[in-house]
Every structure is written in C-alpha cells, then in structure tokens.
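Thanks for coming, everyone. Please look at the screen, and I'll walk you through one chain.

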Amino acid sequence: MRTISTGALAAALCLALPAGMVATPAFAAAAPTPGSADARLKAIYDAEWTWRQKELARDADEDSPSAPTDHLPRVDAATQARHLAYWNNVLAELAKIPRDQLSPEERVNAEVCETIIVGFVDDIRFKIYEAPFNADTFFWTGFGPRGGFSDEKGYKLYLGRLKDVPRYFAEQTDNMRAGLKRGFTVPKVATIGRDKTIEPYTKADDSNPL
C-alpha cells in the first residue's frame, strides 16, 4: 500500500504554508473581472475550500486558520462516497475553464487546485481511508490542543469534540475492518507498540463521561 497518499501529501503541503496563506492558492492576484475565466476559477476554488473546511471539521488552534468546531469529521463509507461525488464534480467544473484564457497567476492556481483535488479523489477511489494509521500517524492522537483557548466558547467547542470521540473511533474502526477484509493494512511490524498510544482511551473511566 502507499504509505503517503497523494491527497494526504497535498494537504500536508497546504498545511506547511504560513497560516495566512493556507486558504489562498499559489498567487493572490487582484480581484478578477466578473464573468472572466479568472473569476469563474476563483469561485470554484473558494467554494471548494469553504466546503472542505466544513466537511473536514478542522480543529482550529493557534496554528490553524479554520473556524473551530464542536465535532470531529465524519469518516464513514457513506461520507467518503459523498465527498468523492463532490470532488469529481469540482474536477468537472475545473475542466470547463479555458486555461488559455486564465491570467498567468490563475493558471498556476488552476494546476494546483486540480492536483490537490485529483489526490483527494484518488485516495477515496482506492479507499485509502480504510487504513487510517501508519507507523507514525494515528487517528486517535492529536485531540489535545497545543495551548489554551482564549474564551469560554473555545473550551465548550473543545468539549464537544471530545464528546464526539466515540462516534469518530467507531467509524474509523469500521473502516479498518473493511480494509482488513481485503488485505489492506500497514505491515504488522509497523504496528508493534502502537497499542500503547491508545491505552489512555481504553482505560478511560466510563462512569464519568464528558
């Protein structure tokens, strides 16, 4: 199996950018003329970005520009299929944009946008989500904020995400079982000792839920 998926790599590249640049394409050009190829392209990637942030329920911390949420993303097969349909439609809309009518800046943005979306489509088409962990990245880590929150709302949203952990874990577990049925998983040697990282959840006091 691929240890790093194309979609994950594209997302990692986006997240590696300074916070102020994450939500913008390669170049920040002047406002395009309404109805132009540039304007049509910008409408597509702006809408996709907004949709993606909502669907992926990004956890907003000091290093994230996205709005905080009170829940974790849905990762079940039905949601994956819905995402696939959406991103395929985005690709279809991108294909309608005449590249020769784009400004040099937006031509680059079109290539970047298409590359990222193709990566997301390929990941779902090949069901990469059925192996949601590898030797150093696990779906059950990263819930703790790197710092505190600035107001009461931030803490309440965080508590909401914590309450959503059981549902999120159940969907990831179903995905892994589906992957195992088709022999799709990381090598056994890569899982040795990884069970220790999930023990805090298995030892949680069920009599005192959040």
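**Packing, helices and salt bridges**

Start at Leu41. Setting aside neighbours within four places in sequence, Leu41 is in contact with Leu94, Ile97, Leu102, Glu106, Asn109 and Ala110. Contact here means heavy atoms within 4.5 Å.

Before going on, some ground rules. This is a predicted model, where local features need pLDDT of at least 70, side-chain atom pairs count only at pLDDT 80 or more, and totals for chains, interfaces and linings use all residues. Residues are numbered from 1 along each chain as its sequence is written, and side-chain values use heavy atoms, with hydrogens and water left out.

Now, the cores. A nonpolar core is a set of buried Ala, Val, Leu, Ile, Met, Phe, Trp, Tyr and Cys residues joined through side-chain atoms within 4.5 Å. Buried means under 20% relative accessible area, exposed means over 50%, and partly exposed is in between, with a 1.4 Å probe and protein chains only. In soluble globular proteins, nonpolar side chains tend to be buried together.

The largest nonpolar core here has 19 residues. Which of them touch the most other members? They are Leu41, Trp87, Val90, Leu94, Ile97, Leu102 and Ile117. Helix 2 (37-55), helix 3 (77-95) and helix 4 (104-125) each supply at least two residues of this core. Helix 4 gives the most, with 7 residues. On naming: helices (H or I, at least four residues) and strands (E, at least two) are DSSP runs, numbered from the N terminus. There is also a second, separate core of 13 residues, which includes Trp140, Phe143, Val165 and Tyr168.

Val165 takes us to helix 6. Helix 6 covers residues 165-181, so to speak 17 residues by the DSSP definition of a helix. From its first C-alpha to its last, helix 6 reaches 24 Å, close to the 24 Å expected at 1.5 Å a residue. That expected span is 1.5 Å times one less than the number of residues in the helix.

Which residues of helix 6 are buried? Val165, Arg167, Tyr168, Phe169, Glu171, Gln172, Asn175, Met176 and Gly179 are. Their cover includes helix 3, helix 5 (152-163) and helix 7 (199-202). Pro166 is in helix 6 too. Is Pro166 buried or exposed? Pro166 is exposed, with a relative accessible area of 58%. Its C-alpha is separated by 9.7 Å from that of Tyr201, 35 residues apart along the chain. Just after helix 6, Gly183 takes a positive phi of about 75°.

One stop in helix 3: Gln80 lies there. Gln80 is buried, with a relative accessible area of 9%. Leaving out residues up to four places away in sequence, Gln80 touches Val75, Ile124 and Tyr129.

Next, salt bridges. We count one when a side-chain nitrogen of Lys or Arg is within 4 Å of a carboxyl oxygen of Asp or Glu. How many does a search of the whole structure find? It finds 14.

Take Arg182 and Glu130. Their closest N and O atoms are 2.5 Å apart. Why does this pair tie together parts that are 52 residues apart in sequence? Because Arg182 lies in the loop between helix 6 and helix 7, and Glu130 in the loop between helix 4 and helix 5. Arg182 is partly exposed at 41%, and Glu130 is buried at 6%.

Now Lys156 and Glu152. This salt bridge has its closest N and O atoms 2.9 Å apart. Both residues lie in helix 5, 4 residues apart, about one turn of the helix. Lys156 is exposed at 53%, and Glu152 is exposed at 54%.

Some salt bridges share partners. They join Arg74, Asp76, Asp164, Arg167 and Glu171 into one network. Within it, Asp76 and Arg74 have their closest N and O atoms 3.6 Å apart. Asp76 is buried at 19%, while Arg74 is partly exposed at 43%.

Last, confidence. pLDDT is the predictor's confidence in each residue, from 0 to 100. The chain has a mean of 81, and 78% of its residues reach 70 or more. Helix 3 is highest, at 98, and helix 1 (residues 6-15) is lowest, at a mean of 41. Over residues 1-25, pLDDT stays under 50. Over residues 60-65, pLDDT also stays under 50. Where pLDDT is low, the predicted coordinates should not be read in detail.
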